[in-house]
Amino acid sequence: MRSNSINNTHPAILSGGGGVTVTMGGGATITSTYDISCNSMRGAKGFGLLVAKTLGNGTAQGTIFNNRIGVAGVAGSASTEASGLDVDSRGSGTHNLLLKNNQVHGWGANGAYQIFNNQGNVTMNVTVQGNLSTLPDPNNALAGFYAETGALAGDTSLTNMLVGGAGAAENNFVDGDPFNANDVLLSRIAGAGTTFNLSRGVSAASTVQQIITDNNVDPVTAAGAGTIIFVNTTPTLPPAIDQSCTTAAAPVNFDAGTAGGSTTFSNDDAPATSQTASTSFGGASSLGNVTSRPFVSLPSVAAQPRTTTTRNVSTPSAQPLTGSTLQATSPTQQPERIQVNPPVVNGDTLTFTIGTLPAGQSVTITFQVTIDNPFPAINPSQVSNQGSVTCTECAGSILTDDPSVAGANDPTITPVISPPDITIKDASGPEPASGSSPMGFTVVLSAPAGAGGVTVNFTTADDTGGTNPATAGVDYTTTSGTLSFAAGQSVQTISVPILSDADAPEPDETFLVNLTGATGGNITDSQAVGTITSANPAGAILISELRTFGPGGAGDDFVEVYNNSNSPVTVAASDATAGWGLVRMGASCTDTPVLIGTIPNGTVIPARGHYLIVGSQYSLATSASGNLTMTSDIGENGNVGLFNTANVANLSTATRLDAVGFGTNVGNNCDLLREGNILPAVNSGAAGLAQHSFYRSLCSFVQGVGCTVPSPGFPSDRNDNAVDFLFVDTNATNAAGLSQQRLGAPGPENLASPRVNDNIGGFLLDASKTSAQAPNRVRNISDTGPNKTFGTMSIRRRFTNNTGAPITRLRFRIVEVTTFPRPNGATADVRALSSTSVSVSPVNDPATCAANGTPATAPCTATVQGTTLEAPTQPNGGGYNSTMTAGTITLGTPLANGASISLQFLLGIEQTGSFRFLLNVEALP
């Protein structure tokens with residue numbers, strides 16, 4: 001069964017399948033082989049595709065490959081009431097299955113993919129690779145992948161299963177469970193004689209969660225019920241098939257309002273009509289027609305690169321005073337040059353024989369001192385020019401410098417400019433997913449270069465003595481050249497292109513960079529090790545939001561530092577300096593970076609908390625005041641980096657915590673102050689440019705997929721500035737380019753700001769009604785005005801404090817929203833607005849009535865508090881990164897642990913259509 005397009009909406013009951021059903025057996029002994037590939041299926045009420053080996057003995061083996069069940073972005077399009085794809089085995093015998101490269105979009109119950117080995121003693125070998133699931137039913141769906149062995153006490157079924165693998169073999173079951181339980185569920189539920197073997201695949205772990213995490217797209221939640229045995233073997237595969245599709249299984253478009261119930265706003269509805277569109281916030285949340293969920297994930301910890309240092313130390317040599325000249329002169333006649341024999345040197349004493357000096361004549365003695373080159377390792381900074389001269393006829397000794405009161409205790413001093421030491425720092429960086437990316441090796445002088453400058457040659461080499469040497473031309477590009485330090489410069493960076501290759505997965509690999517042939521300086525560290533890491537973990541400390549100028553001028557800049565972990569972090573420099581240094585680029589990429597701020601040692605940044613460094617003209621103090629003021633401006637569109645040292649001489653990728661680059665600032669030191677591809681420059685002269693910033697994306701929504709950041713709801717860090725950051729502007733200008741045009745607001749945060757908190761539970765105001773029905777969502781088409789041309793929509797929820805302590809601030813950050821610029825006429829343009837409290841009745845939810853209602857039993861009237869769109873002023877309404885606060889919760893009126901508050905979020909509608917609205921909950925104890 002290959003390359004078919006099937007649209008089936010007949011009202012079959014669940015046991016009848018409802019879509020496509022393939023059965024084998026029925027009590028007989030069978031030998032069955034099947035190939036179900038490259039098909040497009042949609043519109044089932046029951047299972048989208050059901051394949052079953054029924055009761056009886058025999059062998060079934062087959063491949064289900066590259067099928068599209070349902071339509072991306074259309075809820076319920078795979079099945080309105082059942083799973084998208086189900087494979088059953090019953091009776092006895094063997095069933096071998098390869099489930100590969102399928103997609104299930106919009107299923108109604110249980111798993112998007114289900115594997116059942118029940119009611120008998122079948123040996124079932126199942127390999128599950130490269131599959132995708134999206135858009136589960138928010139009320140009935142269970143998991144993206146669900147496998148069950150043993151339904152009856154007498155079952156002796158054996159299941160051997162591999163779920164995922166490396167690269168293209170990974171499945172994407174992320175957000176397969178709308179109830180925040182498990183995206184993958186493996187269950188051995190009955191029968192003492194049943195066995196469930198799970199292959200570890202590419203993982204060495206010993207838990208279901210970690211094996212599934214290692215083998216599949218992460219973040220994914222997983223659990224095993226009953227005893228699951230972990231093995232290193234892989235299941236038996238069915239016979240190979242042609243894994244190509246002559247006709248692609250393309251999705252079939254649905255009209256709005258069919259399977260999945262996608263509906264639109266319409267500006268011609270009667271006032272009494274409660275118009276519907278999908279919404280989301282808090283925990284499980286339906287974004288338009290795609291499900292996505294922000295959640296807390298544990299941070300990954302980056303591996304520290306090994307450090308190898310080689311020092312060549314020069315040995316000082318004795319150098320006598322040379323070039324002495326003696327000259328006798330007479331005031332009454334031409335001076336007579338006296339021929340002097342070479343001096344006799346004995347230690348520090350030089351003896352000249354000049355014969356008889358006539359009366360009235362004088363002798364001038366000139367000493368020329370030569371300093372060793374290379375310079376002595378002790379690096380003297382000055383030379384004493386004072387010595388003494390004695391002669392046979394002299395009364396005592398004569399000082400060689402000008403006499404002074406102190407005499408011999410006050411010699412004439414000549415400063416010596418010491419040739420600086422030249423050192424190179426080790427570097428590390430991840431292998432890029434494709435193409436190449438620069439790895440920066442910093443070369444540092446111990447003192448700024450003098451008037452003549454400093455040069456040093458460099459070249460890369462394979463690390464033949466390393467455990468896993470990288471290969472030139474495969475893992476990195478051979479690079480050589482000469483670094484030049486102009487007068488006053490002390491830091492330069494060598495950029496070596498790191499290459500993507502096909503050897504994945506692979507261990508960390510190393511190569512070398514060697515320094516030779518220095519002029520104007522001494523090489524004291526001639527070799528650095530570059531480590532190409534196989535992993536690309538998120539940073540523990542991030543620059544999460546910033547701008548390099550603002551409406552207040554060049555000094556209206558800020559850098560927000562974020563603790564990307566669930567534990568407090570105490571600032572501690574990696575060297576003897578005062579703390580973590582914020583560094584900007586110099587006047588050009590070849591100039592030495594400049595330290596503009598130091599976060600002091602001992603500063604504690606709370607878990608998921610922030611530290612704010614601001615410029616002298618910072619204009620967003622009403623949003624968050626600075627914890628530290630920069631000593632100089634970043635400079636318009638200048639690169640900036642945060643390091644765990646405040647010594648510019650110790651900057652390297654090993655001491656770098658994070659960095660952000662802009663515009664065309666690439667090469668040399670600019671490569672040290674960026675990660676991956678840079679952000680576009682912001683045009684300070686763009687018409688209408690208002691309060692703006694770049695912030696790390698919390699969602700990056702893609703239709704049919706959902707949030708694409710690694711941990712939805714938390715700042716993205718894929719070590720690529722261009723991928724991780726989004727530009728927002730309260731006037732939605734295209735000052736950073738059309739691809740970055742986006743209505744939103746800067747949202748700087750400091751040590752005292754509320755933090756993301758997943759212990760604040762979000763509930764419908766009235767759980768007896770659906771999320772699209774009043775009083776949970778209320779549409780008012782008569783409430784028109786600025787930023788609400790087509791009226792407003794109020795979304796109402798109840799929030800419960802489960803943190804274990806009172807909270808003094810509660811606010812909500814907009815993570816994802818459909819707003820300006822609107823992509824098409826079918827998508828709504830909504831704007832967040834401030835609102836006031838309202839009384840809502842009747843409310844038939846006992847929990848809401850008990851918490852916020854009058855009377856305390858249902859039905860009741862509940863007070864729903866308004867929310868305020870926070871600063872800065874947003875004349876076009878709120879968008880991305882804007883925050884809305886519950887103003888009734890303050891230090892004086894905290895929300896007690898266990899208490900609830902009912903809130904409304906008011907959205908103005910500038911264009912009707914399907915919409916998304918996703919919020920992060922932020923709280924402060």
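Mentor: What follows is a set of questions and answers on a helix, some backbone angles and one asparagine. The model is predicted, so local features need pLDDT of at least 70 and side-chain atom pairs count only at pLDDT 80 or more, while totals for chains, interfaces and linings use all residues. Residues are numbered from 1 along each chain as its sequence is written, and side-chain values use heavy atoms, with hydrogens and water left out.

Trainee: Which strands do the buried residues of α1 pack against?

Mentor: Helices (H or I, at least four residues) and strands (E, at least two) are DSSP runs numbered from the N terminus, and α1 covers residues 208-215. Buried means under 20% relative accessible area, exposed over 50% and partly exposed in between, with a 1.4 Å probe and protein chains only; in α1 the buried residues are Val208, Ile211, Ile212, Thr213 and Asn215. They pack, with contact meaning heavy atoms within 4.5 Å, against β13 (158-163), β14 (184-188), β15 (195-199), β16 (222-225) and β17 (229-231).

Trainee: What is omega for the peptide bond that joins alanine 774 and proline 775?

Mentor: Proline 775 sits in the loop between β54 (760-764) and β55 (777-780). The bond joining alanine 774 to this proline is cis, and its omega is about 5°.

Trainee: Where is proline 855 found?

Mentor: Threonine 854 is linked to proline 855 by a cis peptide bond, with omega near 0°. As for its place, proline 855 belongs to the loop between β60 (853-854) and β61 (860-864).

Trainee: Why does aspartate 175 count as buried?

Mentor: Aspartate 175 lies in the loop between β13 and β14, and its phi is positive, near 60°, although the residue is other than glycine. Aspartate 175 counts as buried because its relative accessibility is 7%.

Trainee: Which backbone nitrogen does the side chain of asparagine 750 reach?

Mentor: Asparagine 750, in the loop between β52 (725-729) and β53 (755-756), counts as buried at 8% relative accessibility. A polar contact is a pair of N or O atoms within 3.5 Å; within protein, one must be able to donate a hydrogen and the other to accept it, and residues adjacent in sequence count only if both atoms are side-chain atoms. A polar atom of this side chain lies 2.9 Å from the backbone oxygen of serine 625. At 3.0 Å, the side chain of asparagine 750 also reaches the backbone nitrogen of alanine 752.
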